[in-house]
Amino acid sequence: MPHSASVQFNGYLEFSEISKSYGEVSALQKVSGHIPKNNICGFIGPDGAGKSTLLSTFVGLNKPDSGEISYASSDARQPGSIGYMPQQFSMYGDLTVQENLLFFADLYKIKGELRQQRFEELLHFSRLTDFTGRLADNLSGGMRQKLALICVLMYAPPLLILDEPTTGVDPIARSELWDMLHQLQSDGHTILISTPYMEEAVQCDQVFFLSHGNILATGSPDELQAGYAYQLYELKCENMMENLSLLQQEPWIHLVYPKGDRLHLSVAEGKGDEAKVRKNLERQIADKFSLRRIKPGMEDVYAGLEERI
Amino acid sequence: MNHDYAVDVEDLTKRFGRFTAVDHIDFSVRRGEIFGFLGANGAGKTTTIRMLCGILLPSDGKGSVAGYSIMTQSERIKQVIGYMSQRFSLYSDLTVRENMEFFGGTYGLKNQKLKNRIERVTDLYGIGDFLDQLTGDIPLGWKQRVGLASATLHDPQILFLDEPTSGVDPSARRQFWQTIYQLARGSGTTIFVTTHYLEEAEYCDRAAIMHKGTILDLDTPASLKSRYSKSNMEDVFVHVIREHEGELTV
Ligand SMILES: Nc1ncnc2c1ncn2[C@@H]1O[C@H](COP(=O)(O)OP(=O)(O)OP(=O)(O)O)[C@@H](O)[C@H]1O
Ligand SMILES: [Mg+2]
């Protein structure tokens with residue numbers, strides 16, 4: 001997409017030892033990191049991990065109790081240089097799709113031909129062209145989510161901070177949305193994004209896995225995959241859910257969980273090889289099954305890092 | 001209308017002004033079935049659920065839920081179903097317990113009976129630690145459990161869940177599905193559920209794929225995958241919708 005020709009955010013973002021508490025709840029505990037220019041950085045973790053708190057801190061909407069954030073470019077503090085889509089985006093429910101979009105264009109003084117061009121492109125991208133006259137309140141959940149995103153893209157600032165833009169968005173639209181993010185990246189934008197879809201982490205240059213206000217791990221998707229500390233197996237069997245409950249009791253299994261129509265099963269290194277795992281399973285499962293060793297996906301990597309259960 | 005069905009609709013239609021959100025759909029759901037309702041954004045899933053729950057009056061067609069007509073018996077329907085809406089219906093400025101008391105009240109539960117039911121779902125869903133916290137302050141994964149607890153206080157025959165796992169992390173989603181599975185298989189509750197996590201469609205007995213107001217296909221996950229020669233439900237979904245839009249290049 002031929003977005004703004006002059007992208008001004010040409011530095012990086014650095015945050016060090018950021019802490020934030022809400023009353024007795026500690027949302028962030030001394031988290032630090034470095035975000036290079038023109039990267040797509042993913043913030044991933046369960047609810048309550050601190051993703052939203054951290055992202056809103058970058059925008060300056062949330063003052064940390066301690067710690068520092070620095071932008072290499074002073075422009076980043078200029079109004080309009082950061083685009084932020086909060087998790088609970090409040091649109092004007094009593095304005096139409098068109099009125100909402102043009103409101104943002106006016107706010108950031110996007111005028112003339114650029115304004116019309118973006119308006120049309122973004123509506124097309126979000127498949128909302130036929131619904132410009134509809135009140136935001138009368139959109140479906142996913143349509144409203146897409147409108148929230150394109151309101152921010154209407155002024156296409158150099159640094160985009162998007163808190164769960166893909167939640168509630170259907171799979172086709174989700175993959176189109178990632179195409180658009182990669183396009184924005186090649187136009188020079190830097191994108192910070194949080195998502196509950198673990199597989200989306202592979203679309204990022206750098207991933208921050210968060211848990212309970214801490215950064216569990218950070219790196220490129222490849223690096224994180226390489227750091228996976230277990231043997232992972234895929235198990236296909238009849239009566240999957242019943243067998244799942246059975247296997248969850250087994251001490252030799254580190255984790256077992258469903259993934260689509262199969263189970264993923266992780267075993268600590270040193271707890272035997274495929275033959276041993278197969279033998280153990282034969283003792284547990286009455287049904288016929290097939291087993292194979294697989295490489296971990298991002299969801300497996302995260303599950304392996306997570307302390308909970 | 002066949003009363004062995006938990007849900008049975010014919011030609012069900014909803015128009016908003018000149019726009020048709022749900023366009024003459026037919027389907028039925030067996031009692032005790034886990035029924036997945038998949039579809040693109042704006043397909044009409046929430047609108048359909050709202051008609052089935054007796055919240056929205058259809059423009060055309062007919063339907064029954066638990067044997068009651070959705071046109072004339074919506075009050076009866078509300079007593080035997082549980083509904084968790086896409087935008088959580090919990091009050092964030094009430095505690096978890098107060099929310100459950102409120103919901104129980106709307107189902108006509110009171111006094112000792114209400115107390116007992118609250119205790120039971122509290123144990124079942126493991127939400128005891130949160131009972132006296134403000135609902136707005138607890139993590140989403142837990143909120144969703146409270147939602148489920150509130151929607152099942154009155155032992156509904158049919159549970160309508162509109163994107164119950166949206167935004168919820170994988171481990172909480174898995175636990176949620178294990179609970180759903182037990183509800184269906186253990187207590188025979190019919191589950192009518194929408195999701196955009198297509199791997200969750202694998203846990204359904206049958207799934208419908210909806211697009212622009214119509215149902216494009218409806219079958220078991222296994223037959224859908226085999227009929228379209230796809231290895232997972234997400235590929236089936238993308239294929240069916242693209243084919244319908246005439247965007248398929250092969
Ligand atoms: N009150 C209303 N007035 C006008 N149009 C409406 C109204 N309610 C819903 N619609 C429209 O009906 C269509 C279907 O919406 P619905 O919420 O049922 O979709 P959905 O399948 O649940 O989508 P999502 O996956 O995004 O939740 C959308 O185009 C929506 O804008
Ligand atoms: Mg919906």
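Apart from its neighbours within four places in sequence, B:Thr95 is in contact with B:Leu131, B:Asp132, B:Gln133, B:Leu134 and B:Thr135. This residue of the predicted model sits in the loop between strand 6 and helix 3 of chain B. Its relative accessibility is 13%, so B:Thr95 counts as buried, the cut-off being under 20%.

Helix 5 of chain B is largely enclosed by the rest of the structure, because ten of its twelve residues are buried. The buried residues are B:Leu140, B:Gly141, B:Gln144, B:Arg145, B:Val146, B:Gly147, B:Leu148, B:Ala149, B:Ser150 and B:Ala151. Its length can be checked as well: at 1.5 Å a residue, the twelve residues (140–151) should span 16 Å, and the end C-alpha atoms are 16 Å apart, which agrees.

With a relative accessibility of 64%, B:Asn111 counts as exposed.

Turning to chain A, nine helices and 13 strands are found there. The C-alpha atoms of this chain fill a box of roughly 70 × 45 × 35 Å along the principal axes. Of its 309 residues, 55% count as buried. Among contacts in chain A between residues at least 6 apart in sequence, 70% join residues at least 24 apart.

A:Val97 and A:Leu123 give one example of residues set apart in sequence: 26 residues separate them along the chain, and their C-alpha atoms are 9.2 Å apart in space. A:Val97 lies in helix 2 (residues 97–107) of chain A and is buried, with a relative accessible area of 0%. Leaving out residues up to four places away in sequence, A:Val97 touches A:Leu123, A:Phe131, A:Thr132, A:Arg134, A:Leu139 and A:Leu147.

A:Leu147 returns in the largest nonpolar core. This core has 54 residues, and those touching the most other members are A:Leu147, A:Leu181 and A:Phe209. Helix 4 (residues 141–153) of chain A supplies the largest share of the core, eight residues. A second, separate core of 51 residues includes A:Leu235, A:Cys237, A:Leu244 and B:Cys204. As for A:Phe209, not counting residues up to four places away in sequence, its contacts are A:Ile44, A:Met198, A:Asn214, A:Ile215, A:Leu216, A:Ala217, A:Leu224, A:Met298, A:Val301, A:Tyr302 and A:Leu305.

A:Leu181 is one of the buried residues of helix 5 of chain A; the others are A:Pro171, A:Ile172, A:Ala173, A:Arg174, A:Glu176, A:Leu177, A:Trp178, A:Met180, A:Leu184 and A:Gln185. The helix (residues 171–186) has 16 residues and reaches 23 Å from its first C-alpha to its last, close to the 22 Å expected at 1.5 Å a residue. Its buried residues pack against strand 3 (40–44), helix 3 (112–125), helix 4, strand 6 (159–163) and strand 7 (190–194) of chain A, together with helix 8 (233–244) of chain B.

A:Asn38 lies in the loop between strand 2 (25–35) and strand 3. Its phi is near 70°, a positive value in a residue other than glycine. At 26% relative accessibility, A:Asn38 counts as partly exposed.

The largest cavity has a volume of about 70 Å³. Its lining is made up of A:Pro258, A:Glu299, B:Pro170, B:Arg173, B:Arg174, B:Trp177, B:Glu199, B:Glu200 and B:Tyr203. Helix 6 (residues 170–187) of chain B gives the largest share of this lining, four residues. By class, the lining has four nonpolar, no polar and five charged residues.

How values were computed. Residues numbered from 1 in each chain as written. Chains lettered and ligands numbered in written order. Predicted model: local features only at pLDDT ≥ 70, side-chain atom pairs only at ≥ 80, totals over all residues. Heavy atoms only, no water. Core = buried A, V, L, I, M, F, W, Y, C linked by side-chain atoms within 4.5 Å. Buried < 20%, exposed > 50% of the residue type's maximum accessible area, 1.4 Å probe, protein only. Helix = DSSP H or I, 4+ residues; strand = E, 2+ residues; numbered from the N terminus. Contact = heavy atoms within 4.5 Å. 1 Å grid on protein atoms, 1.4 Å probe; cavity = no way out; pocket = protein on both sides within 12 Å on 5 of 7 lines; lining within 4 Å. Points joined across faces, edges and corners; volume = space filled by probe spheres on them. Nonpolar A, V, L, I, M, F, W, Y, C, P; charged D, E, K, R; others polar. Expected span 1.5 Å × (residues − 1).
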